[in-house]
Amino acid sequence: QVAAFVGPSGGGKSTILKLLLGCYPVRDGAVFASGQSLNDTPLDRLRDLFAYIPQDAYLYTGSILENIRYGRPEASRAEAERACEQAFALEFIHRLPQGLDTPLGERGTKLSTGQRQRLSIARAVLKDTPVLLLDEPTASLDVETERGVMQALRRLSQGRTTLTIAHRLSTIMDSDQILVMLEGRIAEQGTH
């Protein structure tokens, strides 16, 4: 299923994702992901459950291939290329002078925001986790680029649980459940 969290800034949406990723301890109650208690699961095993795509995709100094392999370091070149294809990134990668071996500066500043986001999606495809966490994945994209990224995200969401934080209606319209967060609590829930 796809669940979307909406609401004003400061309402607790991103905190939920950070809680799942183990960035904050669970002090009261219990949180379970894929049947595992967050408190009883080692951090590395917990993070193996999730692929996280933030609003501002972070890329590291190194090649495109090395950046994508952060999703699964032992992946072959062919697997990384397939992940790029599924993320609709292969076309622009092939236009670069060295393709997958093109070096990126710190944070991938030589690429557009949409290209960086597609590489982040390719990394998530390669990681192949049961749960996908999307934190405003299209917030800083123009309408045309958003369409391409949304197409890649729809493909990536198939067969896995997806939690999305968004302010744009276009990002959440296909969600199975929409949860409205206000001051750290769910104020409303339903569908579009």
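Q: Where is arginine 116 found?
A: Arginine 116 is in helix 6, residues 113–127 (helices are DSSP runs of H or I with at least four residues, strands are runs of E with at least two, both numbered from the N terminus). This is a predicted model, where local features need pLDDT of at least 70, side-chain atom pairs count only at pLDDT 80 or more, and totals for chains, interfaces and linings use all residues. Residues are numbered from 1 along each chain as its sequence is written, and side-chain values use heavy atoms, leaving out hydrogens and water.

Q: Which backbone oxygen lies 2.7 Å from a polar atom of its side chain?
A: That of leucine 111.

Q: Switching topic: is threonine 164 buried or exposed?
A: Threonine 164 counts as buried because its relative accessibility is 4%. Threonine 164 sits in strand 8, residues 161–165.

Q: And what does threonine 164 touch?
A: Leaving out residues up to four places away in sequence, threonine 164 touches Val2, Ala3, Ala4, Phe5, Leu134, Thr171 and Ile172 (contact means heavy atoms within 4.5 Å).

Q: How many helices and strands are in the protein chain?
A: The protein chain has eight helices and 10 strands.

Q: How much of the chain is buried?
A: Buried residues are 47% of the 192 in the protein chain.

Note on methods
Polar contact = N/O pair within 3.5 Å; in protein donor to acceptor, adjacent residues only side chain to side chain. Buried < 20%, exposed > 50% of the residue type's maximum accessible area, 1.4 Å probe, protein only.
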